[in-house]
Amino acid sequence: MLENFTYLYHGFGIAADPFNILLMAVGILLGVIIGVLPGLGGANGVAILLPLTFSMSPTSAIILLTCIYWGALFGGAITSVLFNIPGEPWSVATTFDGHPMARSGRAGEALTAAFTSSFVGAFVAIVMITMIAPLVAQFALRFGPAEKFAVYFLAFASFVGMSKEAPSKTIVSMMIGFALAAVGLDMVTGQLRLTFGFEELLNGFDFLIAVIGLFGIGEILLTMEEGLEFRGKAAKIDAKVVWHTWKTLPKYWMTSIRSCIIGCWMGITPAGATPASFMAYGIAKRVSKNGKNFGNGEIEGVIAPETAAHAAGTSAMLPMLALGVPGSPTAAVLLGGLLIWGLQPGPMLFVEQAEFVWGLIASMYLGNIVGLILVLTTVPLFASILRIPFSIIAPVILVICAIGAYTVNNNVFDVVMMLVFGVIGYVMKKTNYPLAPLVLAIVLGDAAEEAFRQSLLASGGAISVFWSNPLVSSIMGLGLVAGLWPLISNLFSRLRTPQPA
Amino acid sequence: MSELPHGAGTGPSQRSAEIGVALLTLAFGLIVVYGSYIVGFGWGADGPQAGFFPFYVGLIIAGCSLINLVSGLREDARELFTEWGQLNQVLKVLVPTTIYVALVPFLGIYLPSVLLIALFMKWLGNYNWATTLAVAFGVPAFFYVTLERWFLIPLPKGPIEAMLGL
């Protein structure tokens, strides 16, 4: 334990390098812009900018990219509060009370509350990562292929159980991801599969292209359909408003703690920031004595979802680093980046690349502090970006997406694929198929398949290998509980309150 | 409302969209199963064959698609997927974007980008020519400088760029 603090101390030495601090500021600003603009979100923003970082050192690159992620998390709140348009899915719950506050002239207060709670949520999650991630990684060093597959199973099963969409839709979306990941060269046998003679498919589907298409192009199409017009409230944040709001915030410590716990839990299991923010909002509404006033501009209704969303978004990094299983689409893209830099996420990363890991963790602390200061001071600037009409923003974002898709592999065919994924993303969104499981499955498909085949190879094809020792059985058991959770909770509530027929 | 064949208030129903998507995923699942069948999905001399994992993935896709198909059939036929007017808006973006993507392999990325931005601003935004041209040329020029000059990342170029000697 103590040595971890030594590592962290060294990590701060790396992260506090002036060049890295500059990268943090650049990353946060880019991230906020990405979070504010429709069609550019954390996941595809990072995906588009990933190729630009290939020439940097992995530590600087990941600092830049994670800060874009934090920035996007902050940025979602701005559009929600000022324009009633959630820039990101996880800030939908923030609109419920944030926008009414802005309408009644309390925009500055709402934004300060949102940013500060985001910061608190993220900070708690980072402290948790610092404490727990090394332990998880150490524990995971003992994992064999069967245990690895069980962890993947747990991750994907909790998607099925936690998702608010129909389980069969979540499974279809996830399995399509696995199928797309399987296309191309099979690493074990060296055989080509599922290419049906198309040379373009030799290398399979690149998940970065899928992310840019599904989230970028799909989002633009959705925004266009809604005939979006930005009619926002002006925001002025000065030191007085910030100070006033900060003075009221400690009153809501209970809401904060509750949202942090919800967020951290939902972030580690890859349910993600969006359900976490809704859950935190819902519980706060039920528990708070001002619950009835929720939806009319209650500051607690901003604190609860923002804290939870940020705690979830940040803690999604824990399983990504310690187990190699990302907890959110953006974490999945970051994991893809690590692989490209030749770093294998997972337990060995803490042993072999301790400097990188602790530099990254230290940069999370600094990045969020830098982020809080930056967003509080630059809100008017970002609000003015939103006033640029959509007929200019839309084509520019399309061009950015196309450039991003091309630069992944310097391949024009990828630009075509991006558009195909964009249409798929639009239709899937409209028919309530969740996109996150698809992306995670494309990223993890090969690793999950390898773990699956290796375990079966060791057992001679017997499925019972996944129940062969207490460790793997309990992870698989947890997975089953997570996957079947809706059924189980249904059963419980029926047992408790016998319903009249 | 539903008597009007066009205009506000009508459009393809959510039910047919759900059914359509379920059928598409079903077809996709079957293609995956077939593709796995070609390369072999059984147990080879050295363990599971290449099609082993995707075979079951394909089966699960097909199975769950059937569930989605049934629940889609049970959906209320009156609920709208989107209105025709909204779909029109989507096509206004989708059609130019498709043409843009189709042009990129031949003309490089710069010229189609200029055309795309100019088209949007003129057609959807009704801007005057000066503003339109400034943005339409300014944005690609910005990417040229940042990407090709600073980051040394080459973007696809076509005959026009070759003529200009870029």
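A: Gladly! Bear in mind that this is a predicted model. Let's start with handedness: α2(A) crosses α17(A) in a right-handed sense.

Q: Which residues in α2(A) and α17(A) meet?

A: On the α2(A) side, the contact includes A:N20, A:M24, A:I28 and A:V32. Their counterparts in α17(A) include A:S363, A:L366, A:V370 and A:F382. By class, this contact has 13 nonpolar, four polar and no charged residues.

Q: How is a packed pair of helices described in general?

A: Two things are given: the angle between the helix axes and the distance between those axes. Here, helix α2 (residues 18–36) of chain A packs on helix α17 (residues 354–385) of chain A at an angle of about 45°, and their axes are 8 Å apart. α2(A) is therefore oblique to α17(A).

Q: Let me try another pair. At what angle do helix α6 and helix α10 of chain A pack, and how far apart are their axes?

A: For helix α6 (residues 107–140) and helix α10 (residues 239–248) of chain A, the angle is about 60° and the axes are 9 Å apart. That angle makes α6(A) oblique to α10(A). As for handedness, α6(A) passes α10(A) in a right-handed crossing.

Q: And which residues of α6(A) and α10(A) meet there?

A: From α6(A) come A:G108, A:E109, A:T112, A:A113 and A:T116, and they meet A:V241, A:V242, A:T245 and A:W246 in α10(A). Sorted by class, the residues of this contact are four nonpolar, four polar and one charged.

Methods:
Residues are numbered from 1 along each chain as its sequence is written. Chains are lettered from A and ligands numbered from 1 in the order in which they are written. This is a predicted model: local features need pLDDT of at least 70, side-chain atom pairs count only at pLDDT 80 or more; totals for chains, interfaces and linings use all residues. Axes are lines fitted to C-alpha atoms, for helices over the stretch in contact, and angles run from 0 to 180 degrees between N-to-C directions. Helices (H or I, at least four residues) and strands (E, at least two) are DSSP runs, numbered from the N terminus. Angles under 35 degrees count as roughly parallel, over 145 as roughly antiparallel, 65 to 115 as roughly perpendicular and the rest as oblique. A crossing is left-handed if the near helix is turned anticlockwise from the far one by less than a right angle, and right-handed if clockwise. Two residues are in contact if their C-beta atoms, placed from the backbone, lie within 7 Å. Ala, Val, Leu, Ile, Met, Phe, Trp, Tyr, Cys and Pro count as nonpolar, Asp, Glu, Lys and Arg as charged, and the others, Gly among them, as polar.
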